[in-house]
Amino acid sequence: MYTIEKTHEIADKIFEIWVNAPHVARNARAGQFVIIRTDETGERIPLTISRASGDLVRIVFMAVGKTTHALAAIKAGDAIADIVGPLGHPSEIKAWGTCVIVGGGAGIANTPCIAEALKAAGNTVIGIIGARNAGMLILEDEMREACDELHVTTDDGSKGRHGFAADVLKEIVAERKVDAVWIIGPTIMMKITSMATKKKGIKTFVSLNPIMVDGTGMCGSCRCQVAGKTVFACVDGPEFDAHEVNFDQLMQRQRYYMDQEKEALARWNQHVCSCGEGR
Amino acid sequence: MGDRPADIRVRDFLEVDCGLTADEAVAEANRCLGCKKPACVDGCPVNIDIPAFIGLIAERKFTEAALSIKTQNMLPAICGRVCPQETQCEVLCILGKKEKPVRIGQLERFAADEERRTGIKAPVKKAATGKKVAVVGSGPAGITAAGELAKEGHSVVMYESLHLPGGVLTYGIPSFRLPKDIVKAELDQVLSLGVEVKLNHFVGRSVPLDELLSYDAVLLGTGAGLPYFMGISGEHLNGVYSANEFLTRVNLMHADRFPEYDTPIAKSSRVVVVGGGNVAMDAARTARRMGAKVTLVYRRRAEDLPARLAEVHHAEEEGIEFITCANPTRILGEQVVTGIECIRMKMCELDASGRPSAVPINGDTFTIDCDVVIQAIGQGPNPVLVREIQGLERGRAGNVVADGDGRTAHPKIFAAGDVTTGAATVILAMGGAKKAAQSINSLLATR
Ligand SMILES: Cc1cc2nc3c(=O)[nH]c(=O)nc-3n(C[C@H](O)[C@H](O)[C@H](O)COP(=O)(O)OP(=O)(O)OC[C@H]3O[C@@H](n4cnc5c(N)ncnc54)[C@H](O)[C@@H]3O)c2cc1C
Ligand SMILES: Cc1cc2nc3c(=O)[nH]c(=O)nc-3n(C[C@H](O)[C@H](O)[C@H](O)COP(=O)(O)OP(=O)(O)OC[C@H]3O[C@@H](n4cnc5c(N)ncnc54)[C@H](O)[C@@H]3O)c2cc1C
Ligand code: SF4
Ligand code: SF4
Ligand code: FES
């Protein structure tokens with residue numbers, strides 16, 4: 001069992017929790033992820049390591065389905081059954097020159113760490129973070145601190161610039177020489193946003209989030225098409241060259257269990273109502 | 001007692017084979033001639049003293065029989081169930097020449113089950129040596145090595161990336177062949193020797209290589225868990241599984257009991273399994289128990305099926321349809337699988353494996369409607385850790401090259417099981433692990 005030390009709703013339906021997991025925390029690097037299982041009947045779900053400090057690992061997630069709702073309902077001092085990691089390859093941190101890091105929605109969880117590592121490696125780092133509305137924007141302070149320059153967008157204009165992160169990215173690559181770009185967020189957002197750097201041939205990384213089971217290369221559930229080849233995102237990634245990724249196939253595979261996910265969430269909601277647990 | 005009736009057992013995941021009663025076991029044990037030079041023992045990769053333990057069963061000394069087996073094999077209830085006895089110990093039994101060989105596997109299982117029923121005694125171990133050994137992987141190889149080394153008094157840390165120990169015993173072989181409470185009881189008994197188990201530790205990531213190499217010796221038992229795909233079109237469709245994924249979802253995550261357990265699995269009515277080995281049989285029979293009509297497609301003839309004969313019979317009894325001499329060419333569907341196209345194969349001259357090589361008959365294709373395709377065409381050694389270790393030699397299939405005693409090209413690193421041989425058997429992994437443990441022992445004795 002792994003104790004949850006702190007938990008906090010940092011934005012609308014977005015939570016951060018700190019888990020005591022020395023084996024993960026001491027070895028984690030920017031871009032890697034964990035797989036957690038809340039309890040004995042739970043599913044194994046992957047979540048990015050948003051930050052590691054001492055023996056603690058921070059994960060930041062949006063409550064979308066059964067497992068993330070259950071995770072959000074866990075109180076500080078309680079424990080989860082399992083956390084394995086760090087998994088996957090770290091981000092490719094080196095002296096690129098000028099880097100742009102784009103975070104969308106819960107994907108922003110991932111970006112401060114990468115920005116800090118790139119900064120420490122001597123890069124100029126430009127951040128762009130976008131959310132549906134002001135209430136859903138997360139980790140703005142950490143990104144402002146980590147980046148040389150930060151742009152904020154919201155889809156409804158309730159904060160920062162009215163529009164999408166992709167709009168800002170387009171302008172930046174038109175005006176300045178950019179050497180590497182990271183785009184992390186919902187799959188559709190990564191697909192659209194990465195078009196902004198394609199023509200110019202700017203090296204662009206996206207962090208893929210297919211459905212996983214073991215996270216150690218043993219099941220093939222997480223297989224994706226990159227540059228026409230089958231890769232296992234959990235061990236070959238999760239970051240890949242955005243311009244080579246077959247996003248449509250990824251989105252199709254992410255939808256496979258939609259019916260069961262709805263059923264599981266409905267069951268959870270019923271459980272929460274009847275026992276008064278949760279938030 | 002024999003097998004439970006097929007029409008009943010396909011509705012649950014309980015064990016198919018009920019084993020022997022005490023009287024049946026004693027009668028069977030009495031058939032054994034107690035040969036002076038027992039041929040059967042040569043067929044057992046861990047050299048169990050077969051006439052000795054069978055003699056004890058004949059005398060109704062069941063616990064003593066189990067203890068006798070355990071001096072050579074710490075997992076008898078498991079091996080008695082899953083060993084391919086018919087090609088190992090039993091094939092060499094002298095009685096097999098005239099009538100049926102002694103049912104050694106059943107007797108082994110019986111003794112172990114009796115001992116467990118009456119309470120397993122903790123094994124004894126030597127005084128602490130102060131030496132530390134890391135074991136990577138908790139499958140049959142890792143467990144066996146950890147047990148042997150702990151008995152010698154070394155302090156053993158066993159790392160496992162999944163949330164439960166056991167490797168394929170836990171996530172791969174279905175409970176209707178190998179009940180999970182039996183796996184747990186036998187593993188616990190080995191681990192009670194004082195092995196420190198660190199679950200959720202993916203070595204190479206959760207444990208950096210320099211930390212791993214700070215141990216006095218390392219045993220790699222990481223298995224052959226890398227699933228192969230055929231590389232045909234349509235493999236990305238929803239509904240296409242590797243056997244590993246399908247079996248893991250059910251055995252490890254209990255997706256068959258969704259929504260009581262959270263892990264989902266396809267709701268399917270028609271499943272096609274590709275392959276002809278034990279893994280294919282397990283996947284097919286698992287899918288059948290989840291309510292699907294199951295067809296197995298294999299590219300050679302029925303007599304070439306690499307699976308154990310008993311498993312093929314079990315599958316047939318349970319209503320699995322076999323299509324032999326056919327190979328899939330593409331998987332059909334828009335987003336979700338709707339069918340699979342296959343081509344008929346003709347058998348030509350024998351190939352290197354001694355089986356006829358299968359060659360497609362141009363244009364002779366047919367389609368099977370289905371909503372799930374499970375590929376069970378083989379697995380390769382887990383590459384993730386071994387490719388990162390400097391100074392290890394790797395073979396063509398990505399396996400770690402080790403000599404007959406588990407020594408690798410790296411002086412501190414030993415390897416055993418599927419990671420050295422490619423997908424093989426439980427007992428071979430255990431045999432290899434015992435040898436590797438002896439090598440580690442000699443290394444530690446000289447330091
Ligand atoms: C490498 C990686 C890193 C991730 N990091 C984060 C993160 O930092 N924060 C965050 O909010 N989300 C992250 N995700 C997504 C997160 O795993 C899913 O939101 C979560 O699994 C949903 O579980 P659920 O039961 O709450 O929802 P469900 O209702 O079960 O599913 C909602 C959606 O999540 C996806 N999903 C479901 N099960 C899995 C699974 N086992 N593996 C992967 N995806 C699944 C499906 O596409 C599904 O449509 C990451 C995914 C991956 C692969
Ligand atoms: C479905 C199926 C049915 C089978 N049926 C039979 C049968 O009836 N009879 C028979 O004799 N054999 C059978 N086999 C084969 C048999 O199970 C294997 O040969 C045997 O399990 C190999 O043992 P192992 O210890 O080498 O590896 P495994 O059992 O594969 O165990 C390896 C373990 O190492 C862990 N691991 C890998 N990498 C790392 C890492 N970096 N860090 C930490 N842990 C790691 C894995 O998670 C796994 O738990 C079957 C196999 C399958 C898949
Ligand atoms: S371990 Fe396997 S091969 Fe050895 S005696 Fe038992 S059943 Fe036969
Ligand atoms: S060969 Fe057969 S009869 Fe002889 S000891 Fe072995 S099991 Fe008994
Ligand atoms: S999650 Fe199983 S192989 Fe990647």
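# Ligand shells, domains and chains

Q: How do the residues of the shell around ligand 1 divide into nonpolar, polar and charged?
A: In this predicted model, the shell around ligand 1 has 13 nonpolar, 6 polar and 4 charged residues. The classes go by residue type, with Gly among the polar ones.

Q: Which residues come nearest to ligand 1?
A: There are 23 residues around ligand 1, and the nearest are A:P46, A:V60, A:M62, A:T68 and A:Q254. To be included, a residue needs a heavy atom within 4 Å of the ligand.

Q: Which elements give two or more residues to the shell around ligand 1?
A: They are strand 4 (45–48), strand 6 (56–62) and helix 2 (66–72) of chain A. Strand 4 of chain A gives the largest share, 4 residues.

Q: From which domains of chain A does the shell around ligand 1 draw at least three residues?
A: Domain 1 (2–87) and domain 2 (98–254) of chain A each supply at least three.

Q: How far apart are the C-alpha centres of domain 1 and domain 2 of chain A?
A: The distance between these centres is 21 Å. Domain 1 of chain A brings 17 residues to the contact, and domain 2 of chain A brings 21 residues. About 1700 Å² is buried between the two domains, with 61% of that area given by carbon and sulfur atoms. On the side of domain 1 of chain A, the residues that lose the most area to domain 2 are A:G31, A:F33 and A:R51, which together make up 25% of what that side buries.

Q: Why does ligand 2 lie between two domains of chain B, and which are they?
A: Residues of the shell around ligand 2 come from both domain 2 (132–225 + 380–445) and domain 3 (229–375) of chain B, so the ligand lies between them. The residues around ligand 2 number 35, with B:V82, B:A141, B:E160, B:R177 and B:D418 coming nearest. By class, the shell has 17 nonpolar, 14 polar and 4 charged residues.

Q: What classes of residue does the shell around ligand 4 have?
A: The shell has 10 nonpolar residues, no polar and no charged ones. Among the residues surrounding ligand 4 are B:C32, B:C35, B:C40 and B:C93. Others around ligand 4 include B:L33, B:P38, B:I94 and B:V102.

Q: How many residues of domain 1 and domain 2 of chain B are in contact?
A: Domain 1 of chain B has 23 residues in contact with 27 residues of domain 2 of chain B. Between them these domains bury about 2100 Å², with 71% of it on carbon and sulfur atoms. In domain 1 of chain B, the greatest losses of area to domain 2 are at B:M74, B:L75 and B:I78, together 32% of what that side buries. The C-alpha centres of the two domains lie 26 Å apart.

Q: How many residues of chain A and chain B are in contact, and what area is buried between them?
A: The contact involves 45 residues of chain A and 46 residues of chain B. The area buried between the chains is about 3900 Å², and carbon and sulfur atoms give 52% of it. A:M218, A:R223 and A:Y256 supply 18% of the area that chain A buries against chain B, more than any other three residues.

Note on methods
Residues are numbered from 1 along each chain as its sequence is written. Chains are lettered from A and ligands numbered from 1 in the order in which they are written. This is a predicted model: local features need pLDDT of at least 70, side-chain atom pairs count only at pLDDT 80 or more; totals for chains, interfaces and linings use all residues. Side-chain values use heavy atoms; hydrogens and water are left out. Domain bounds come from an automatic or database domain assignment. Contact means heavy atoms within 4.5 Å. Buried area is the accessible area (1.4 Å probe) that two parts lose on being put together, summed over both.
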